[in-house]
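Please look through the structure below.

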Amino acid sequence: MIPGTSAWLAALCASRVLAATWFVAYSAVLPLTQAQWNLSGKEAGLIQSAFHLGYLTSLFIVGFIADQFGARRAYITTGIAACASPWAFVLLADGFWSAFWLHAFTGLCQGGTYTPALALINDNIERSRRGRAMGFLIAGSSAGYAICLGVAGLALQFTGWRGALAAVACLPVLSWLTGLAVLRGTPNVVHPRPGGESLLASLPAVFRNRKGMLSIWAYSFHNWELLGIWAWLPAFLTAALLAHGSSAAATLALMFAALTYVANIAGSIIGGTMADRWGRTQTILLWSSVSLALSFCIGWFIVLPVALLVALACLYNFAGIADSSTHSTVLAESVPPHYLGVAYAVRSGIGFGAGVVSPFVFGWALDLAGGGKTSTDAVAWGVAWATLGAGALLGPLATWKLQRAR
């Protein structure tokens, strides 16, 4: 397959679709495991935070690996761990502590399917198409989340939460096989560093790059909000359905959450296309403002008719992801290619560090506001969702400063 062509990009995105299915697998069964293991909202959030902690660690490490050994080699080699590790959680998780450590382990094995893929696009797609190409890759992640929720919801009709997770865990294996096929004819590019400069010297160079760091900070505040949305949206929709007397709330909530991830796909593609045609920072400012407004509002809307609430959740996920690919494009265009992997590593450490904390803070706020006992309480959910908006407030400011610097 010829690198840089539409077919090559589609196949790479397909690999990412299948890899991303595991990322929201725990969220898909969270209401069931929370009841079976008698978890508080804080404990349930901590398990998801453990995955993000492992994931950010892997992204940091993989960024250095991609710069040192090439993005293609990093994608294929680390993909082995990415497709094998979910089975440890499926087979062995049996309570808070085992789930916490095993989910952290699965996160630790997932970074090779993301950072190297961004670098592969940057290496093989010309600038005029790069924003849209990044949008398709991020859309692939969203499609994976939707497929996960759909597969898990269907499996829960016939089996318990463990069987549903086993069905999802089969998909990363297909991801690795797809990646192996699509990258067979892609050259492994290692960008030369200036004479005498070590790989570790790239780290302070990233911190000295003002535009790069503004991009990283904007992405980090964005990630606080987005990863909190992904961790808690299925549980929120379950609570909304319970408030309306649904007898199959958990299954219906997964289907509705999957629908919001379809909107997520559209957001990634439209946002990336807007960035190519309208401007990078303008696109980020628009959609980050929309998602911020919804963060402060949506929890209070739990009593709305289900159809209207799901429509708002779709808009929320659309806006939350619409600027994500543009953040990746902006960083790639703000730093030299020989330390792009390290720049992504720094971004991952800070950005996904925010994503580690936000689901925990959300669950903690939910408990404090009474949501641990009355999960259909609009006040509790309103306070919990507002924590995502509060943490993301500085994102537009960093983007505005980046706009002036660019």
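**Salt bridges and a helix pair**

R129 and E126 join their side chains in a salt bridge, 3.3 Å from N to O. A salt bridge here is a side-chain nitrogen of Lys or Arg within 4 Å of a carboxyl oxygen of Asp or Glu. This is a predicted model, in which local features need pLDDT of at least 70 and side-chain atom pairs count only at pLDDT 80 or more, while totals for chains, interfaces and linings use all residues. Residues are numbered from 1 along each chain as its sequence is written, and side-chain values use heavy atoms, with hydrogens and water left out.

R129 has a relative accessible area of 28%, so R129 is partly exposed. E126 is partly exposed too, at 39%. The cut-offs are under 20% for buried, over 50% for exposed, and in between for partly exposed (1.4 Å probe, protein chains only).

The whole structure holds three salt bridges. R280 pairs with D276, with the closest N and O atoms 2.6 Å apart. R280 also meets E333 in a salt bridge, at 2.7 Å from N to O. This pair links distant parts of the chain: R280 sits in helix α13, E333 in the loop between α15 (324-332) and α16 (340-368), 53 residues apart. Helices are DSSP runs (H or I, at least four residues), numbered from the N terminus. R280 is buried at 5%. D276 is partly exposed at 27%, and E333 is partly exposed at 21%.

Next, the helix pair. Two packed helices are described by the angle and the distance between their axes. The axes of α11 and α14 (residues 306-322) come within 10 Å and cross at roughly 165°. Axes are lines fitted to C-alpha atoms, for helices over the stretch in contact, and angles run from 0 to 180 degrees between N-to-C directions. Angles over 145 degrees count as roughly antiparallel, so α11 and α14 are roughly antiparallel.

Which residues of α14 meet α11? They are V306, L309, A313, Y316, N317, G320 and I321. Contact means heavy atoms within 4.5 Å. From α11 (residues 210-243) comes H222, one of the residues that meet α14. H222 is buried, because its relative accessibility is 6%. Beyond its neighbours within four places in sequence, H222 touches G320, D323, S324 and H327.

Last, the loop between α13 (280-295) and α14 holds C297. C297 is partly exposed, at 31%. The C-alpha atoms of C297 and A88 are 38 Å apart.

Methods: Helices (H or I, at least four residues) and strands (E, at least two) are DSSP runs, numbered from the N terminus. Angles under 35 degrees count as roughly parallel, over 145 as roughly antiparallel, 65 to 115 as roughly perpendicular and the rest as oblique.
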